[in-house]
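Here's a quick briefing on one fold and one residue within it. Have a look at the model first.

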Amino acid sequence: MANLADEYGTDVEIYIKALTTTIHADTPTGAPAKLHDLLEQLGLERHEYPTGAPLYIWHTVPEHLGTDEQKCLATRAIPALLLAGYKVNCTPDIFDEAAYRQAVHDARTRAAHPAAQPPAPAGSPSRPAPARQTP
């Protein structure tokens, strides 16, 4: 199994797995538990192989969602990951500009009204790194 986060030196690589329609979010080998927990809080599902002694952990967008909903969920996770200080890359076939802008707006709104909502992690949102072509 190829781990694109290890290959590209990022904290999270979001892409559609080759020959499938499944949106994956790879994290580097030995990624901190808080990164895995954050991905789950953002709606992604954790997978481990082998079971019981994980050597490889990855996340996927729930497959019960429609295609557009999957792309939206994956894209909306990006600002939260960036604000938490993680380096993220998302392929263009998944990235949804409107969903990204809305997630950034929501994060800024939470930061501007901390009494109404939990505080957002420190940092500033930025556009994801340019996408790489995956084999």
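What follows covers the sheet, its helices and a single strand residue.

This is a predicted model, where local features need pLDDT of at least 70, side-chain atom pairs count only at pLDDT 80 or more, and totals for chains, interfaces and linings use all residues. Residues are numbered from 1 along each chain as its sequence is written, and side-chain values use heavy atoms, with hydrogens and water left out.

**The sheet**
- Five strands make an open, mixed sheet, ordered β3-β4-β2-β1-β5; strands here are DSSP runs of E, at least two residues, and helices are runs of H or I, at least four, numbered from the N terminus.
- At the edges sit β3 (45–49) and β5 (88–90), each pairing on one side only; to pair, two strands need at least two DSSP bridges between them.
- From one strand to the next, the twist averages 25 degrees.
- β2 (residues 23–26) and β4 (residues 56–60) run antiparallel and are joined by three bridges, and Asp26 stands opposite Trp58 in β4.

**The helices**
- Helix α2 (residues 33–41) lies across β1 (12–16), β3 and β4, at about 20 degrees to β4; axes are lines fitted to C-alpha atoms, for helices over the stretch in contact (heavy atoms within 4.5 Å), with angles from 0 to 180 degrees between N-to-C directions.
- Helix α3 (residues 67–83) lies across β1, β2 and β5, running at about 160 degrees to β5.

**Ile16**
- Ile16 sits in strand β1.
- Leaving aside residues up to four places away in sequence, Ile16 touches Thr21, Thr22, Ile23, Thr91, Asp93 and Ile94.
- Ile16 and Lys71 are 55 residues apart in sequence and 9.8 Å apart in space, C-alpha to C-alpha.
- With a relative accessible area of 22%, Ile16 counts as partly exposed, the class between buried (under 20%) and exposed (over 50%), using a 1.4 Å probe and protein chains only.
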